[in-house]
Amino acid sequence: MLITVIFWGYSFVSTKILLNELPPISIAFFRQVIASVVLIGFVIAKKLFVKMPLKDLLLLTASSFFGIVLYFIFENTGLKYTTASNASIIVAAVPIFTLISESLFYKLKITGRLIICVIVSISGVFFVIFEQGSLDFTGNLLKGNMLIVGAMVSWVIYTIICKSLTQKYEGIVVTTYQMIAASILFIPLVLNEVDTWHIISGSGIANLLYLALFCSALAYYLYNVAVTNLGATFSSMFLNLIPVVSIIGGVLVLHERISAFQIAGMLLIMVSLFFVGRNRDRK
């Protein structure tokens with residue numbers, strides 16, 4: 001999950017750069033196609049292809065639709081209108097929704113310690129983005145914020161579906177099939193953007209390859225493995241580290257400054273994750 005969060009944390013920077021050269025759905029489409037080609041080659045080489053029953057194929061298609069297609073349509077489009085600060089705050093709500101969903105579908109016992117850790121983690125996110133922009137929920141910002149909310153809801157549904165799939169099949173198989181399904185599902189949606197396609201710059205190609213190989217192919221596989229071994233709620237808690245990675249990336253790449261509030265927020269997030277982990281180890 002830590003490796004996954006590092007990849008996904010920097011993906012916001014790559015996506016922002018690519019939005020200057022490609023429309024949002026096209027970025028998601030090319031990202032999945034490239035990831036699919038790489039994963040198919042790996043699965044063929046390792047002879048890991050399996051025949052799934054119709055029920056599981058439908059579940060897998062649903063997971064691709066919510067966790068890849070809808071998620072990236074909402075997120076990439078939302079990033080055109082909202083700020084990184086607002087997006088980070090909305091991302092912080094993922095563990096709450098995942099906690100509720102996992103308790104309903106998988107009978108997860110919600111303890112007082114777990115609830116406190118989620119609250120502390122979210123508080124940490126607010127500290128981290130404290131000086132990154134004002135929370136203006138008017139005009140285009142409101143539109144962007146609602147799109148990011150849609151992305152987060154889609155991700156919670158994806159996480160819950162993935163847990164049942166990864167209990168039956170290897171994570172790399174599930175990830176490969178999801179990328180293939182997503183590439184197909186994107187085709188009718190990307191047709192409206194074909195007229196805007198053009199040869200992108202070397203920087204754009206590098207960022208697209210980063211998103212496809214590391215943020216899609218590798219990170220989705222690692223996330224599926226994490227959900228299987230750690231559970232949906234504990235895995236989603238790590239997503240609160242994404243704003244931390246994004247800010248560090250901004251400091252290193254964009255030479256932005258980091259404040260004492262942001263450092264305090266990072267510590268709160270890490271402490272909450274530590275105590276959730278200790279709670280799980282004792283069970």
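Student: What percentage of the 283 residues of the chain counts as buried?

Tutor: Buried means under 20% relative accessible area, exposed over 50%, and partly exposed in between, with a 1.4 Å probe and protein chains only; by that reading, 53% of the 283 residues here count as buried. The model is predicted, so local features need pLDDT of at least 70 and side-chain atom pairs count only at pLDDT 80 or more, while totals for chains, interfaces and linings use all residues. Residues are numbered from 1 along each chain as its sequence is written, and side-chain values use heavy atoms, with hydrogens and water left out.

Student: How many helices and how many strands does the secondary structure of the chain have?

Tutor: Helices (H or I, at least four residues) and strands (E, at least two) are DSSP runs, numbered from the N terminus. This chain comes to twelve helices and zero strands. As for contacts, meaning heavy atoms within 4.5 Å, residues 24 or more positions apart account for 90% of those in the chain with a separation of 6 or more.

Student: Which helices do the buried residues of α2 pack against?

Tutor: Helix α2 (residues 24–46) has buried residues that include P24, F29, R31, L39 and V43, and its buried residues pack against α1, α3, α8 and α9. Just after α2, K47 takes a positive phi of about 55°.

Student: How many aromatic pairs does the structure hold?

Tutor: A pair of aromatic rings is described by the distance of the centres and the angle of the planes. Rings of Phe, Tyr and Trp (its six-membered ring) pair if their centres lie within 6.5 Å; planes under 30 degrees apart count as stacked, over 60 as edge-to-face and the rest as tilted. The structure holds 18 aromatic pairs. One of them is formed by F7 and Y210, edge-to-face at 6.4 Å centre to centre with 75° between the planes. That pair links distant parts of the chain, with F7 in helix α1 (residues 2–18) and Y210 in helix α9, 203 residues apart, and both F7 and Y210 are buried.

Student: Why is the pair of Y158 and Y220 edge-to-face?

Tutor: The ring centres of Y158 and Y220 are 5.8 Å apart and their planes stand at 70°, so the pair is edge-to-face. This pair too links distant parts of the chain, joining Y158 in helix α7 (residues 139–166) to Y220 in helix α9, 62 residues apart, and both Y158 and Y220 are buried. Ring pairs also link W8, Y71, F72, W155, Y158, Y220 and Y223 into a cluster.

Student: Is D56 buried or exposed, and which residues is D56 in contact with, leaving aside its neighbours within four places in sequence?

Tutor: D56 is found in helix α3 (residues 54–78) and is buried, with a relative accessible area of 3%. Leaving aside those sequence neighbours, D56 is in contact with L165, K168 and Y169.
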